Amino acid sequence: MSPKKSIALAAACNIEELLDYAKNKLSLESDDVCYVRNALLALLKLPAPSEEKVESYTFQQSLDALVEYAINKGITTQKESLLFETQIMGLLMPMPSRVIETFDSIASYDGVKAATKWFNELNIASNYIRKYDIDKNIKWEYDGSRGKIGITINLAKPEKDPKDVARAKLAATGYPKCMLCAENVGFFGNAGHPARQTIRIIPLSLNNEQWFLQYSPYVYFDQHLIVVNQEHKPMNLTPDSFVRMLDFVELFPHYFIGSNAPLPIVGGSILAHDHYQGGSKVLPMFASRGRSFFNMHGFPEVNVSIPNWYNSVVRLSSRDRNQILGAVEKLRGLWDVYSDESVNIIAYTLDEDGKRTQHNTVTPICRMNDDNEYCFDLVLRNNRTDEAHPYGIFHPTEDMHNIKKEAIGIIEVMGLFILPGRLSNECQQIKSILTGKTDLNFQELASDDNPLQKHLSIIAQLVTDHGTKLRDEDAGNILTTYINETCEKILDCTAVFKNDELGQLAFDNFMQEVCKE
């Protein structure tokens, strides 16, 4: 057998392995196997299938081998390997209508929790959720002063280099309009937009409007999901938002749902398309206990408290849906116009023409609590800037931007930090300095093209405090402690009412306004 022929035969064997995988994991039906086999043969430009019996195999290795074969044959390129991989998996996936039908059938017979479990596992099995890459993330927990903080260094989502950014701009077509649009289902992808042949969505009716549920491909926490408006319209927070959230937790009581604030700095990364995030109730903030309790006039069935948490949160819970909706909207409405300049809170500003710029908003999170009550956590936010705080008065100060510069959105305010993958390598380089393996050279570190330049001040401080002859383990622990404490400080920065005497007195004053007639 010639080497050329044996390589082609190996690829044909890999196709049979993926077909076997799809029958076991992706609901590929026997009547569809021949069709999908021929589609894969055409894609890989192979003349005929393998007649060898499928033996033991590893799914990812079989898939990687087919992609490598396609690169070597000029069918695809290394740059487009992920697009090609997704195209292969898209052919193995059940059609969107079949996924919806199966989800609804499982929900009818076994309940929605079983249906979401099946749907989540399908997303993992299809490589839409790339568990192989996500498992590379570095994760740990930190016992902070007011509750646990989860920290993830995100290695599964590599940062794009300038050449990739340039290619993405050239490839942009405006279709789909954004990463969340329903038109992503089956999209082939390009340099500026990931392939989505493997994404599947479940339609939902929330507040008599069309929405859909999908899982996040990045899985920042267990069963991390996104609920998306069928229409491409900007993020907004209205009374209808809270109705939708209650509708969702009634449909899926095992999940929470929350919305990023609809303003820059305190909002999420995608403000152009209205959506919510949710998933399993595992975020650290949910474990926080109340430290102050209130009675809200006109809402006797609603429990109101301030949890012992880092940022400024008001928690409301009740078994009465109408009462909690009224209480939430009353609190949000008051916060929208509430100012207290003693603690730098200004609800909105007016320009010379009298145009209003809103600064106060909330990050709302809804779930069914352990007492089977509706529960809202409203995180009070403000996105105002000033000369001393160009990135935001209630945003991390510049000395913390080496760890986290981006907007502090819903996931972080609940106590889970997603840090850039670059930190893994940068921490290794800093550790090398602290252990004396790399000479300390401030001139080199200060160079603009040095990746450690952003860490210059903390390197100087750590060397002053600990020297450059540490053991590896000790240096690693010192860096972890630094990251832990910085994340806690970042959360404290987002508190509009600081956790000090003045801040808590101001918080109580606001709550008195909320609770009075």
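**Reading a sheet and its helices**

Gly189 is found in the loop between helix H8 (162-171) and E3. Helices (H or I, at least four residues) and strands (E, at least two) are DSSP runs, numbered from the N terminus. This is a predicted model, in which local features need pLDDT of at least 70, side-chain atom pairs count only at pLDDT 80 or more, and totals for chains, interfaces and linings use all residues. Residues are numbered from 1 along each chain as its sequence is written, and side-chain values use heavy atoms, with hydrogens and water left out.

Q: Is Gly189 buried or exposed?
A: Buried means under 20% relative accessible area, exposed over 50%, partly exposed in between (1.4 Å probe, protein chains only). Gly189 has 7% relative accessibility, so it counts as buried.

Q: Which residues is Gly189 in contact with, leaving aside neighbours within four places in sequence?
A: Contact means heavy atoms within 4.5 Å. Gly189 is in contact with Leu83, Pro194 and Ala195.

Q: What is the order of the strands in the open sheet?
A: Strands of a sheet pair through backbone hydrogen bonds, either parallel or antiparallel. Two strands pair if DSSP finds at least two bridges between them. Here 10 strands run in the order E3-E4-E5-E7-E6-E13-E14-E10-E9-E8, with antiparallel pairing.

Q: Which strands stand at the edges?
A: Strand E3 (202-206) and E8 do. Each has a single partner strand, so one side of each is left without a neighbour in the sheet. For E3, 5 bridges join it to strand E4 (residues 209-215). Leu204 stands opposite Trp211 in E4.

Q: Where does H16 lie, and at what angle to E8?
A: Axes are lines fitted to C-alpha atoms, for helices over the stretch in contact, and angles run from 0 to 180 degrees between N-to-C directions. H16 lies across E8, E9, E10 and E14, at about 35° to E8. Its buried residues include Phe507, Phe510 and Met511. The buried residues of H16 also pack against helix H10 (321-337).

Q: How do helix H9 (residues 239-251) and H10 cross?
A: Their axes come within 10 Å and cross at roughly 145°. Residues in the contact include Phe242 and Leu246 of H9, and Ile324 and Val328 of H10. Ala, Val, Leu, Ile, Met, Phe, Trp, Tyr, Cys and Pro count as nonpolar, Asp, Glu, Lys and Arg as charged, and the others, Gly among them, as polar. The contact of H9 with H10 has 7 nonpolar, no polar and 5 charged residues.
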